[in-house]
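These are my notebook entries on a single structure. I set down what I looked up, topic by topic.

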Amino acid sequence: MITINEHYLKLQSSYLFSNIAGRVAAFQQANPDREVIRLGIGDVTRALPAACIDAFHRAVDEMAVDSTFRGYGPEQGYEFLREAIAENDFQARGADISADEIFVSDGAKCDTGNIQELFDTGTRIAIPDPVYPVYLDTNVMAGRTGKFADDRYQGVVYLDSTVENNYVPDLPSEPVDLIYLCFPNNPTGSTITKDQLKAWVDFAKDTKALILFDAAYEAFIRDDSLPHSIYEIDGAKEVAIEFRSFSKNAGFTGTRCAYTVVPRECRAFDSRGDKQAVHPLWNRRQCTKFNGVSYPVQRAAAAVYSEQGQAQSKALVDYYLDNAALIRKAVADLGYDCAGGTNSPYIWILGQRDSWEFFDELLNSAGVVCTPGAGFGKCGQGYIRLSAFNSHENVEKAMERIRLALG
Ligand SMILES: *Cc1c(COP(=O)(O)O)cnc(C)c1O
């Protein structure tokens, strides 16, 4: 008899986005001539930088000729991309990361989901609330949690991110082994200072824990005092793995390219308490289960680091940051408390009412779609998330409608 992995049955059906789609469809049916503006999705809307498209085309042409054709590439990514990443994203910021510590992949979503298979099933996990659902659900699938009850999985240490702690969770008061952090944060848009991040690094060192640091939104940081990488913090190489992506800085959500940094010094422990390096384990995992990102996509990603690519991707992010500033100002002018919107494409708004009630109100009175905060965890109840991923015109129009509806 073939038996299923019953941990899958514990998963809460991902009703968030289908529920949103259902409500929007019902609204459109009832109001066929009202235009809906979507500020709910976490997907980019603008085209790839021209430098990336040029490199992409050239690489496709190489594939058309026997002498330049490429078959299977290195599972860890091509050297040209790994070198460019190490140099530009780390060494240029004083973080001593080398190319062989970079693992190129087809997404930070897959990597943050796959990485947990390196660790014991009994690993105690600490997960922020609200949270990007991938971290939680992949651990549920692996059997690292109990049942879902009272809005939470049993056996998980939740790290509350609330207005009281400025959406940067406090260090846990109970023992944990694996800690997920994401800054700039999705969904709250909050950022972490170097001192705050250092406290987490020191905590991981002192308690033999490991940090998984998701920096998918680092390109949105404009405040020079904020860390772009956890490796800007002394000692982090031993206790942290970092995830990056070309999705949000260069519009690769549909093109697919990301990378994970596993420093040589990064350690975990075996059941005897002896240190084990994580780098060879992740390398082994990738070589066994993954065959690399396509050559043209890696060429397109490497073009992000060219002079033109840098200017074009910065302009892309600046465009969304202008939208974010507009949203943040409009919402603050209406008297709402909010986080994010600077150094982040997300604005996290305390609605003083049920998340779904606020969602319906914005949809019905302004024709604007947001994401209800409750969909990201218990601490998201009472909040909504607005996203800056849309055109200036749509964002301006949406804010004008919200002003009229709620002002
Ligand atoms: C968008 C996003 C990513 C990027 O995922 P990809 O699979 O690389 O597209 C990673 N983490 C968070 C929190 C995100 O919002």
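I began with the ligand and listed the 15 residues around it; Asp214, Tyr217, Ser245, Ser247 and Lys248 come nearest. The model is a predicted one, and I read every distance below as computed from it. I then looked up polar side-chain atoms facing ligand oxygen atoms. For Ser245, a polar side-chain atom lies 2.6 Å from an oxygen atom of the ligand. For Asn186, an N or O atom in the side chain is 2.8 Å from a ligand oxygen atom. For Lys248, the distance from a polar side-chain atom to an oxygen atom of the ligand is 3.3 Å.

**Cis peptide bonds.** A cis peptide bond joins Asn186 to Pro187, with omega about 15 degrees. I placed Pro187 in the loop between strand 7 and helix 6. I found a cis bond from Phe183 to Pro184 as well, where omega is near -10 degrees. Pro184 also has its place in the loop between strand 7 and helix 6, the latter spanning residues 194-207.

**Lys208.** I next checked the loop between helix 6 and strand 8, where Lys208 lies. Phi of Lys208 is near 60 degrees, a positive value in a residue that is not glycine.

I traced an open sheet of seven strands in the order 2-10-9-8-7-3-6, and its pairing is mixed. Which strands stand at the edges? They are strand 2 (102-105) and strand 6 (157-160); each has a single partner strand, so one side of each is left without a neighbour in the sheet. From one strand to the next, the twist averages 20 degrees.

Within this sheet I examined strand 3 (residues 125-129) and strand 7 (residues 178-182), which run parallel and are joined by two bridges. Ala126 has Ile179 of strand 7 as its bridge partner. I noted as background that side chains in a regular strand alternate between the two faces of the sheet.

**Helices across the sheet.** Helix 3 (residues 79-90) lies across strand 2, strand 9 (240-245) and strand 10 (258-261), and runs at about 115 degrees to strand 2. Helix 5 (residues 133-141) lies across strand 3, strand 6, strand 7 and strand 8 (210-214); its angle to strand 3 is about 145 degrees.

I then turned to an open sheet of four strands, ordered 13-14-17-16 with antiparallel pairing. Its edge strands are strand 13 (337-340) and strand 16 (371-372), and each pairs on one side only.

I followed strand 14 to its partners. Strand 13 pairs with strand 14 over four bridges in the antiparallel sense, and Asp337 stands opposite Leu350 of strand 14. Strand 14 (residues 346-350) also pairs with strand 17 (residues 383-387), again antiparallel, over five bridges. There, Leu350 stands opposite Tyr383 in strand 17.

**Helix 1 and helix 12.** My last entry concerns a helix pair. Helix 1 (residues 15-30) packs against helix 12 (residues 355-366) at an angle of about 35 degrees, with the axes 11 Å apart. Their crossing is right-handed. On the helix 1 side, the contact is made by Tyr15, Leu16, Asn19, Ile20, Arg23, Val24 and Phe27. Helix 12 contributes Trp356, Phe359, Asp360, Leu363 and Asn364. I sorted the contact residues of helix 1 and helix 12 by type: eight are nonpolar, two polar and two charged.

Technical notes. Residues numbered from 1 in each chain as written. Predicted model: local features only at pLDDT ≥ 70, side-chain atom pairs only at ≥ 80, totals over all residues. Heavy atoms only, no water. Axes fitted to C-alpha atoms, helices over the stretch in contact; angles between N-to-C directions. Left-handed = near helix turned anticlockwise from the far one by under 90°. Contact = heavy atoms within 4.5 Å. Nonpolar A, V, L, I, M, F, W, Y, C, P; charged D, E, K, R; others polar. Pairing = 2+ DSSP bridges. Near = heavy atom within 4 Å. Polar contact = N/O pair within 3.5 Å; in protein donor to acceptor, adjacent residues only side chain to side chain.
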